[in-house]
Amino acid sequence: MFDQVRPEDLAFVGKDSGRIDATEKLTGEALYVSDMTVPGMLHAAVKRSPHARARILRIDTSKAAALPGVRAVVTGAELDYRLGLYVVDKYILAKGEVRHYGEAVAAVAAETYAQARRAADAIIVEYEPLPPVLHHMDALKTDAPLVHPDLGSYDHIAAVFTPKPGTNIANHTRLRKGDTEKGFAESEWVVEREYSCPSVQHVPMETHVAIAKWARGDQVEIWTSAQSPFTVRNLFCHAFKLPHNNVRVHIPYVGGGFGGKAGIGVEPLAAVLSRAAGGKAVKFQATREEEFSLLPCRSALTYRIKTGVGADGKIKAQEMTMYWDSGAYADYAVNVTRASGYSAAGPYEIPAASIDAYTIYTNKPFGTAYRGFGHVEFHWGLERHMELVAKAIGMDPLEFRRRNALRPGSITLTGEKITDHTGDVVKCMNAAAEAVGYGTLSPEEAERERRTGRKIGKGVAALHKAPAMPSFTATAVVIKMNEDGSVTVNLALTDYGQGTYTSIRQIVAERLGFPLEKVKISFECDTDKDPYDWQTVASKGLLLSGNAAILAAEDLLANAYEVAAQVLRANVRDLDHDGTRIFLRHNPDESVEFAKIAVGYAYPNGNGIGGPILGVGRYVAQGLSNLNKETGQGNPALDWTYGAHGIVAEVDPETGEYEVLKIASVFDVGRAINPQIVRGQSIGGMVQGLGTAVCEGYIYDDKGILLNPSFTDNKIPTAKDIPEVIESAVVETPQIDGPYGARGVGEHSMISVAAALGNAIQDATGAEIVHMPLRFEDVWRALREKTPIDNWITKSPLGSCRSAPELRNRKKDG
Amino acid sequence: MVHEFQYRAPSSRPELLALLQEHGTSAKVLAGGTDLLPNIRMGIAKPAYVVDCKRLPEADRLVFSPSEGLRIGHGVTISAILRDRTVRERFPLLAEAAHELASHQVRNRATVAGNVVNASPCSDMALPLLCLDAEAVLASVSGERTVSFREFFTGPKATVMKPGEFLAEIRVPAAAADRKGRYAKLKRVKGHDLGIVGVLLASAPDGLRAAVSSAAPTPVLVSGIDASLDAQAVDALVQKAIKPIDDVRCTAEYRRYMVGAFIRRLLPEVNR
Amino acid sequence: MTITLTVNGVPYTRDAAENKTLLHFLREDLGLTGTKEGCGMGECGACTVFLNGRTVNSCCVLAVEADGASIETIEGEAGPAGLSEIQKAFDRNHAVQCGFCTPGMILSVKELLKAKPKPTVAEIKEAIEGNFCRCTGYEQIVEAVLDVTGQGTGKGRLDHV
Ligand SMILES: Cc1cc2nc3c(=O)[nH]c(=O)nc-3n(C[C@H](O)[C@H](O)[C@H](O)COP(=O)(O)OP(=O)(O)OC[C@H]3O[C@@H](n4cnc5c(N)ncnc54)[C@H](O)[C@@H]3O)c2cc1C
Ligand code: FES
Ligand code: FES
């Protein structure tokens, strides 16, 4: 889709244009599902497990059902539907056994939320607690309890995933390239280290919420705060064995997603309650606490890397083993494992590589997609590793990265050849390094060090990511011309804040040659009325839907030209158009207005021709293939977006307290369709990456109870936490098959921020940190070479933490 | 909210005290609500009566006189403390701690009285009140008593207050005016957060004072420290008085270390 | 309990359950859903409104406490002439992404500008520290506030390398 259009010839693409959704969001008029009510609507509440693993002996709902306002009570016992994107392993409500703290075991619908809550609390569940398996490394032991003893009988997508029945391994992704044994033997140095990070929450400001109405004739209508209307519908229909045309999914404005709303969430629960309540609509909205443990999180990771380097500083061989903590269900985690597996070496050329990536079940809230899809976590390990290897061999870390970076002609882990158009990671690294003055302290910085007694350090970390999606991922865009010659665009890619719609409007206006005001992107998505889109994930939206939009615009113009050619009695090839009319090139005064043909042209005598003008654009990812399950070879990547962050950090060498003074992020986006939106994605993701790096993470006690399911003890960055200086830049190496050369950048901004910070802190103080987040205490411990605290599963759960009422109650009881 | 209660908004102190007397432990005073309402929402507090104290005419009184010192009415918010010129100029320790407490919206609502009655080990306002020899005026139907903040806190979320008692006012003696000091609070983010550990170091006529939060079941005051001691010696004294624990926010070990680090950081500033 | 209050200048008399928060009263009883709930715990600021001229987290205020009070919500921010200057600056500077934090954020900025017509960057960040935004990373919000207060262009650059 990349035509060689010079930037100066473009009217809208590459230029700032206001967000199409700003006004309604600024005034509070935008309606989110949490704001919506449907006549007669009931409210739902769930009863959740206080145990990480337990057998359900008995559920007594009689008291709950008799409470005022209660219209329906359901338990897992009466539901036999299993859900799962890739491995079908999860019941809507736990059945027989609970597998994580906070899992739903029963649910109530009542007239008011308070009534539903009281009724849910009145449900009596008798459990027989079972020993949970909490740490993913423990789950690999041969005597570990099995989270899913029936794994062998679950449906799964066998072409792509490999569960290991009889173990806790939900998937094993393998990749082999070249001869690693030989590579290590020829290496001058071999460095092997392990890196890790805990589970974290996405924290969309709007928690998961859905309204479902299960009407007569099994006609189901759903309004949901989700990212992917068609995936909600598809998985819903699979679980309930309903024809797809029975189910209609609406997605209005969405208060953030970040991957946590990529698949199916609370919709089935609301739907079964609605069915049980005789077809009344039911709304379920997760509380913030439920968001942390009823709904999924990001998987924890342990990443072991062994690298062999030759005398010339080039990597000769690398062995990579990833242990992904899936939690109780596989959900997206198996695919995170797969996508991380084939990207595991980052933007570097590794001649001989072996990768084993495992998705491991544990009795914890389950992992799902989260901005970066595994790449935030493994780049933490990888880019710290590159730093530590460089230090071990006595080379500057940036130089070591450059020397090994992927370049045109390089072969990726899966055997793909990098071309001139893939993007330029070295340019990104260099620009990030330059922006932070890598390698030296400026006179002001040196003076600041003297004045404060703190140490200033600089770090750079690079990154890459390709969309993780099925090889045949598809989308469509429909553009409809209105009576006045303006157009309305329908697509089922959702815009939950990324600004994709604003960019797509620019693309459509550009291709149509219409002013922006004439192009409207319809905001609410509706599976009954919008054309298909797979999912709004993977940073593929702009590329695939942008291409489809271009095709739709061209199709619309072709249709309009066909009618105009008749009206003007001319050959289509002689026509041209502007924002309002189609005219003859050689005689521009001869023209017909779009408004005249928009819904059918009428001759003076009343005869009609044409009919409503619309354009359809269909696009499917091309040339991608499933990976060989033994060797991992194949072509998984639609496009690779490269990037790098540079960080300047100031560290107190005594206490470990630190501050990020500056960050510079650079991505090769192919072309920035809307610079301010690219910048918004760049900064927003970077700050989310800082949250992961600095303070976020789940902390469990040794029974598997989540100790910090709230903002009181799971902090996220505030306005005060952002660096004083933030710079964003782009490299523009056009993506040949991207719309106007563009590629995605939505997730990339979050990747490698933590590693850049770790590298900067090490540069400042020598502290060698291999676990994130980097709390001040972690830095302090690293500085003193004290044993790191592993409080992610802790034996000392006591404290002033007010966010774990369950814990408090338990203490009282015991 | 799910929990149901009856709301009362008495307009005079006797009326309020009578309600508290009548309902005893089933009543909770509602000041700014920034502790109470989240606690009710989470089922940690389940009062049958919520008695709003903000409609008492004297609630927002914040006055200073050389004879009576600073009188902080029970409804005085953290923001009101920050806005008050006399407080800023003559009781800067109060202002400094107030500035560290929560976010702007919370400060607009949260009261000083609520902060101390809540008696969290991480209370920000307890530290200056301890350093300034402040007292709590506790009222009940049977009369008033005055308790020094040194005796006020008895454990995590526990105070000397008896059922039926109301914190009517906080008094800071005039003699404590112009006391100088510095406050350091360790947080997990630079934005609003409860203190992981906090140290307020101040000079007083009887020597240096160190007030420490989140390092023991209650806020801790160490007073009468010889002002000529070096940081290490001051730290040694303070370490004896604290009893930090491990929790999700931090380890006891790092808490102890940071108390020392803050003392080393603040001492030169206070001695200047 | 029957309460009387004005919201955005409009007087209302309504029955309010005693345990209902002001947030839920505004959203459910008055249909003013511009004020959002992000946590219900006073932490995130999505529920920020003006109560008698000062911003509060309406999830930590009971509706009955607001008897006799004057409330301003996001719905009162744009006038008949259109968006307020703060709203326009947010628009110009791409200070909105998903929009869920936006109503609370705007009211916090409004509170700041009442006290400090030309705030510094540090003052801006402090004024909005109680408003979590998970999308924007705050920088473009800070730029919007600088813009509306006439300090600098307010528009950050995306550099091309
Ligand atoms: C997001 C958030 C952040 C916070 N951050 C901090 C922080 O950084 N530092 C900090 O110290 N605190 C913090 N807090 C806690 C809280 O805001 C403060 O403790 C506040 O000062 C409490 O005052 P209030 O008026 O809101 O109390 P309320 O919630 O109204 O009351 C608290 C308790 O005191 C009782 N009470 C109140 N007034 C009286 C009285 N006059 N007589 C008898 N009993 C009374 C109430 O019954 C209740 O039990 C935070 C709270 C939130 C929600
Ligand atoms: S909803 Fe009120 S502060 Fe989060
Ligand atoms: S714009 Fe989404 S939370 Fe701020």
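How far does a backbone N or O atom of B:Gly33 lie from an oxygen atom of ligand 1? The distance is 2.7 Å. Keep in mind that this is a predicted model.

Let me stay with ligand 1. A backbone N or O atom of B:Leu36 also lies 2.7 Å from an oxygen atom of the ligand. From a side chain, an N or O atom of B:Asn115 is 2.9 Å from a ligand oxygen. On its own, ligand 1 exposes 970 Å², and the protein buries 96% of that.

The shell holds 32 residues, and the closest are B:Val29, B:Thr34, B:Asp35, B:Thr111 and B:Asp124. By class, the shell divides into 15 nonpolar, 10 polar and 7 charged residues. In chain B, β2 (27-30), α7 (112-118) and β10 (166-172) each supply at least two of the shell residues. The element that gives the most is α7(B), with 4 residues. The site is shared between chains, because residues from chains B and C surround the ligand.

Now to chains A and B. Here 39 residues of chain A are in contact with 31 residues of chain B. Between them the two chains bury about 2,900 Å², with 53% of it on carbon and sulfur atoms. There are 10 salt bridges between chain A and chain B; one of them joins the side chains of B:Arg265 and A:Glu657 at 2.5 Å, N to O.

On the side of chain A that touches chain B, α3 (113-122), α7 (288-293), α18 (776-783) and α19 (805-813) of chain A give two or more residues each. The residues on that side of chain A comprise 13 nonpolar, 8 polar and 18 charged.

Methods:
Residues numbered from 1 in each chain as written. Chains lettered and ligands numbered in written order. Predicted model: local features only at pLDDT ≥ 70, side-chain atom pairs only at ≥ 80, totals over all residues. Heavy atoms only, no water. Near = heavy atom within 4 Å. Polar contact = N/O pair within 3.5 Å; in protein donor to acceptor, adjacent residues only side chain to side chain. Areas by Shrake-Rupley, 256 points an atom, 1.4 Å probe, with all protein chains shown as cover. Nonpolar A, V, L, I, M, F, W, Y, C, P; charged D, E, K, R; others polar. Contact = heavy atoms within 4.5 Å. Buried area = accessible area lost by both parts, 1.4 Å probe. Salt bridge = Lys/Arg side-chain N within 4 Å of Asp/Glu carboxyl O.
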